[in-house]
Amino acid sequence: MLGRHRVFAAAFGVGAVLRLITMLGYGPAMWFNDSYEYVSVALHPRPHPIRPDGYSTWLMLLKPFHSFSLVIFTQHLMGLATACLIYALLRIKFRLPKWGATLAAAPVLFDAYQIQLEQMVMSDTLFMLLVVGVITMVLWKRRLTWQAGAVVGLLLAMTWLTRSIGLPVLALVVLYLLVKRAGWRTVTALITACAIPVMAYMGWFASAYGKFAMTNSDGLILYMRTAIFADCNKMDIDKYKEVQLLLLCINDPVNQRKDYAQWYLWGQGNGDGTGTGEVLHRWGINKKWSEITNDAASAFATKAILSQPGDYLKVVARDFFRSFHWSRPRFPDESTYNMYEFKPYVPLDENGQPKRLPRWSSYAGGRTDTDAFSYEQGPPETRIVQPWAGIMSGYQKVFYLRGIMLGGILLIGLYGVVVRWRKFGGPVVLPWLGAVGLLLAPAATAEFDYRYVLPAVPLACVAAAITLRRGVTWARRSPKSSGASESTTVPA
């Protein structure tokens, strides 16, 4: 097999070596602000009010080994497996040349920010593998059997339980199968297989919070999205019937607010009880993630969008197009930007000592730093080791997919959808819409973040590769040139 696929095998080997260097230079793991809660839930299982527990369940399965290095190793395997799925789909199913299928998998194999995300205790790598797995299964055959539909449904459930944005992916796949007339048995099996684990989780969530839902944060996150432009003077809030919405009005003028939305959910305010970061604390310091606050925030955000649709579309478009910059601006702030960087030096605290993990109280019980220590059974802080750390730091300055390149890849996929309009976009439309949706959904419901871009890249590459399989032409193909159709499966 390696002899038949030498080009991809060589690329795969280089990608594996880069991941090994990363593990040697930044062990046992790298950390993001969300990482600590995932670990805490793995140690103290309970439904998390902010995000589903899918990734924490994976950490829980690996907990007996007490090794973040093992967790990170499995995530690097997930990244490599994603590249294998892309190559197999394009080479075997769509008959791309070996070099072409390898080129489509190259961003996953070689992008420095992709490798860095795999090195972090975060859910994004697992989510990306699940999404690419779903797309691969759906495109592999012209018509899915009901058994295959059930497997896709289970994968979609895992996707949804890993990140809430898995819900739009489910809707997209179901719509695609309906348009392609996959059959009621397949669609029913898919929806049923997806619904059973999701409903079970929502029942568990209801037992803890009294609400049949996935989280208590969807309304609060949407409030965060609208807070940078919401003007209560334009929202026509009834001060007698909607007092709860008045509590969410921001005192600062719109033109003096923060230019990034995350501040209005995670910021600490000015210390006087009325600062922008403290608006949500008006409900009570411990009520921020409660059902009543979430529902009020959802109602406020909906009214803001309906009252100021132009302002909403403006911030959504601005964040969507951040994905296509040539460089990576330091957004939303310096601290978040630096978490995505391979630093060749040990970070220091204000006293000049090696920086420790933050000491926050976790929602699952316990404390973030002690939970991480308990999981690892040893120091969990990132240890920067030379020369490996320096190699990856230098590599990251050059080898990553520029945003404008991603934009070009998406335009190629769009071309493929347009020329197949008689077939509703053919097989190109599913990965292309999936890529655009993964970029647009955070911009519409939360805010742009660089790590949200990476799971969209494999789908964009698949769509572009299928488009270019026969070259770029507007002419109708003759029967002789049609050869093998896009649904033909041939040996590798």
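UniProt positions are given in the numbering used here, feature names are shortened, and annotations may be inferred rather than shown by experiment.

**Entry 1: ground rules.** I am working from a predicted model, in which local features need pLDDT of at least 70, side-chain atom pairs count only at pLDDT 80 or more, and totals for chains, interfaces and linings use all residues. Residues are numbered from 1 along each chain as its sequence is written, and side-chain values use heavy atoms, with hydrogens and water left out.

**Entry 2: record against model.** I looked up "transmembrane region" in the unreviewed UniProt entry, which lists residues 7-26, 68-90, 121-140, 160-179, 186-206, 399-417, 424-444 and 450-468. I then checked two of these spans in the model. Residues 186-206 are 100% helix and 0% strand, with 30 Å between the end C-alpha atoms. Residues 160-179 are 85% helix and 0% strand, and their end C-alpha atoms lie 22 Å apart. Helices (H or I, at least four residues) and strands (E, at least two) are DSSP runs, numbered from the N terminus.

**Entry 3: the whole chain.** I find 23 helices and two strands in the protein. The C-alpha trace spans about 75 × 55 × 45 Å along its principal axes. The radius of gyration is 23 Å, which agrees with the value near 23 Å for a compact globule of 492 residues; it is taken over C-alpha atoms, and the globule rule is 2.2 Å times the number of residues to the power 0.38. Of the 492 residues, 55% count as buried. Buried means under 20% relative accessible area, exposed over 50%, and partly exposed in between (1.4 Å probe, protein chains only). The protein exposes about 22300 Å², and carbon and sulfur atoms supply 64% of it; the areas come from the Shrake-Rupley method with a 1.4 Å probe, and for residues only the protein chains shown count as cover. Among contacts (heavy atoms within 4.5 Å) with a separation of 6 or more, 76% join residues 24 or more positions apart.

**Entry 4: aromatic rings.** Rings of Phe, Tyr and Trp (its six-membered ring) pair if their centres lie within 6.5 Å; planes under 30 degrees apart count as stacked, over 60 as edge-to-face and the rest as tilted. By this rule I count 21 aromatic pairs. In one of them, W31 and F68 have ring centres 5.0 Å apart and planes at 80°, so the pair is edge-to-face. W31 lies in the loop between β1 (26-27) and α2 (35-43) and F68 in helix α4 (residues 68-93), so the pair ties together parts that are 37 residues apart in sequence. W31 is buried at 9% relative accessibility, and F68 is buried at 0%. F448 and Y450 also have ring centres 5.0 Å apart and planes at 80°, so that pair is edge-to-face. F448 is buried at 5% relative accessibility, as is Y450 at 7%. W31, Y36, F68, W360 and Y375 form one aromatic cluster.

**Entry 5: R328.** A charge sits over a ring if NZ of Lys or CZ of Arg is within 6 Å of the ring centre and within 35 degrees of the ring normal. R328 has its charged end over the ring of Y113, 3.5 Å from the centre. R328 also lies over the face of Y450, at 4.0 Å from the ring centre.

**Entry 6: two glycines.** G416 lies in helix α19 (residues 403-419) and is buried, with a relative accessible area of 0%. Leaving aside neighbours within four places in sequence, G416 is in contact with G425, V428 and T467. G394 lies in helix α18 (residues 388-396) and is partly exposed at 35%.
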